[in-house]
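These are my notebook entries on one model. I looked up sheets, a helix pair, a single residue and the nonpolar cores, in that order.

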Amino acid sequence: MTALPGEIPGTAGTDTPEGDAPTEATDAEAPAHPEAPDATDAEATEAGTSAAETGEVAEASADEATGSAEATEGAGDTAGASADEEEEDAAAPALSEAQAELAAQRELRERIAQRKAAKDGPVAAGTKLSGTAADLLAAVRAVESGQKTGTEFFDSHLGTPTPRRAAPAPAVRPRRPDPAAAPVERPAASPEAVDAVRAVLTEGGGPEALARPATGALGEQAAELLRTDPWQLLAVPGVRPEQADGFARALLGAGCGPDDERRTAALVGWVLERAALQGHTALDAEAVRAALAERAVRDPDEAVRHAVEEGVALVFQEGAEAGFEGGEDVEAEAPAEGGAPEGGETEAPEPVQVLLGLDRYALAEESLADGLARLLNACEKGADWAEAAAAAPSPSAAELIRTAATAGLVVHSGGEAARAEPAALIAAARGLGLRALGAAHSEDGRRRLAGAIGAPEAAVTLAGLLSGTEGPGRDEDGALALDLLVVLDAPQLDVEGAAVLVEALADGARLVLSGDPGVLGSAGAGRVFADVLAARACPQVVSRTPDPGPIGELVSGIGIGELSQVAAPGKEVVIVPVRDAGEAVHRTVQLVADSVPRAFSIPAADTQVITVGHGGAAGTRVLNEALKQRLNPGPGRFGGFDPGDRVVHIPAPGRAVPGVVRSADAEGLHLDCGGTPVVVPQERVEAVVRHGWALSAHQAAGMRWPAAVVVLPGDAAAGLSRPWVYTAFGRGERHLSVVHGVDQALPHAVAQVPAQERTTRLRPLLEALPAPDAAS
């Protein structure tokens, strides 16, 4: 091998990827995500995503009102997608896969609603908060008024670790609602409400196409809300602050300004929503202030304070001694008469980080930490699996079996070859008569896991398990009927999905989170796997099984920051240098259609193209068009698709399911997704189906193909990072071709561009837990 050297009319276009993962950048001057090299390499806002800044890559988490946040390339597309979703939710006699999956998250959100005060009547500032948030706000006000010292604040609110919750007796355990059996139906917006919103939009100069999505986001009282607080329009996916400002000026005239409290509160919520789309569950208060200052807010401190008092955001403090403002440290123990203490030096107080977050993610992280503690404390510690461990196929598998025998929560990390170890654990547990199951991120991962276990019924997809369409179902208490659950591809877990999953496990059940720490993170907010690893709150097993072959050697080196030349006598790894994007597209088509099939007997249908972004001269759009013309030319008479087209179906935000078009009729577009027939209604095709010969690395995470062609055109250099390269290069089983046009940017990215950190609160929450009895 050679050495590896949703735009609203009248606004600028926004590029984000479809079914892709979030960026790690925010308006608050965080660095750009590796999937977003520039404005040409990001995907335009499409189904399953929310709008982000030009050049960023963002993935929408499930929308609280509709169960899915869909932003489109234009205002008309936005309205159409939301309208279709509402009509489908109201009319469908049975749950679709997306509805069932999103219903599981609604279970968690119901608890959020229960913690909020009633919103029908006037509410005093700050009284919308409850629980920890209310305590924090009260304490902050006490410090600011001088009633309490900063030391008292931290001693009472931050110094006490979260107590371990005792596992309740099964007989009195409350029944968990089954999201598949009892979905929370959301009524469709009435025509009258939509018409009223349309009238307000017309009066304010906004596009009428936003009437239905605005009603969906704000409810039946949307027209009244928009008239009194026009900046509520920012709750509609894809709407930008400058658009909401113009709408407000048209409705309110001179009665509004940049420091209007309605505007500043809406902007704080918008900044935090964007941060969540980019993976953060919270954001540094200074970053929020900076973002507000960029939006012409003259007093960002007061704006943040008001947003907290109104319940738009929750405030969290991490550190030792500081006030809410973060710039005024609370006095340390003052020396008498102002003199220096003995020794002549005063010890500087530890800096405090003030975080702001949305309540949905705060509750999810707290619920998840509590649930993980419950699993740690409730399982049977004295299980004897010694015989099963002795029969394990490898030392690492034996270690995993022994560890799972004595702990309710275990983290297992390793590469592709290490997937055999959780498979051995599941087989051993089933051999002992336990109800054991493995859940993978994708259908491809499920199929590979089932093959490794030797029992097809022992593996499911995580989405299918949560929705109730796969797996053992629920017991009489509403919990999953399982004794052991192994979750593969655990880095793909977002915090809300993980909270729903853990809540669904019964007391005494064991949970094993298994995954490769080097791959790209989840599409939704949070970094669950990385936080659990970093907190060291449970036993950890690190696989010692290396990935075999030249591809395995190459990817293993990338994981530690080294891009080395590897011996590939069978041309398992091939570098194809190109000079520009046009040549990159030409060589990619040539590789997929001719070279790889001829040299390795791998058909084009088993070769996956992976590139950095969706836009640009060699993004997935251009590559998919070129590959279709070569491999399956046709007029695209079924919504742009023909029978035989490779596609990716996006049933819910963050999920990308590869498939093939089989046919189309009045019922809709018929797909074959990994052997599972899927029918996409005609009105939904444009929103949730894309051509799939070429994918982004985020879409390809958790899946593998016999051959992979990774395309790196020159304009992709700024989007590269070590996790991106690690993920993309690891998708090929037998062959990897790298269409290389980024020169030294590739080794630079591997050596010096690690994963961008997400701001989350799960790690400190886990670190505050007492050490489990069985920890090792």
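In what order do the five strands of the antiparallel open sheet stand? I read the order as β15-β14-β13-β12-β16. I note at once that the model is predicted: local features need pLDDT of at least 70, side-chain atom pairs count only at pLDDT 80 or more, and totals for chains, interfaces and linings use all residues. Residues are numbered from 1 along each chain as its sequence is written, and side-chain values use heavy atoms, with hydrogens and water left out.

Entry 1: I took helices (H or I, at least four residues) and strands (E, at least two) as DSSP runs, numbered from the N terminus. Two strands pair if DSSP finds at least two bridges between them. At the edges I found β15 (676-680) and β16, each of which pairs on one side only. The twist averages 40° from one strand to the next; axes here are lines fitted to C-alpha atoms, for helices over the stretch in contact, and angles run from 0 to 180 degrees between N-to-C directions.

I then followed β12 (residues 646-649). Four antiparallel bridges link β12 to β13 (residues 657-665), and three antiparallel bridges link β12 to β16 (residues 689-691). H649 has V657 as its bridge partner in β13, and V647 has G659. On the β16 side, V648 stands opposite R690.

Is β12 covered on one face or on both? Both faces are covered: R646 and V648 on one side, and V647 and H649 on the other, are all buried. Buried means under 20% relative accessible area, exposed over 50%, and partly exposed in between (1.4 Å probe, protein chains only).

**Entry 2: the parallel sheet.** I looked up an open sheet of six strands with parallel pairing, in the order β6-β5-β7-β8-β4-β9. β6 (459-461) and β9 (540-542) are the edge strands; each has a single partner strand, so one side of each is left without a neighbour in the sheet. Neighbouring strands are turned by 20° against each other on average, direction ignored. Within this sheet I checked β5 (residues 436-440) and β7 (residues 484-487), which run parallel and are joined by four bridges. A439 has V487 as its bridge partner in β7.

**Entry 3: a helix pair.** The axes of α10 (residues 285-294) and α11 (residues 300-309) come within 9 Å and cross at roughly 115°. I list the residues in contact (heavy atoms within 4.5 Å): V288, R289, L292 and A293 of α10 meet P300, D301, A303 and V304 of α11. Of the residues in this contact, six are nonpolar, none is polar and two are charged. For these classes, Ala, Val, Leu, Ile, Met, Phe, Trp, Tyr, Cys and Pro count as nonpolar, Asp, Glu, Lys and Arg as charged, and the others, Gly among them, as polar.

**Entry 4: L533.** I located L533 in α19 (residues 528-535). Why does L533 count as buried? Its relative accessibility is 18%. Not counting residues up to four places away in sequence, L533 touches V411, P517 and Q540. L533 and S413 are 120 residues apart in sequence and 9.1 Å apart in space, C-alpha to C-alpha.

**Entry 5: the cores.** A nonpolar core is a set of buried Ala, Val, Leu, Ile, Met, Phe, Trp, Tyr and Cys residues joined through side-chain atoms within 4.5 Å. The largest has 92 residues, and V288, L368, L485, L511 and L766 have the most contacts inside it. A second, separate core of 38 residues includes A708, V710, F729 and V750.
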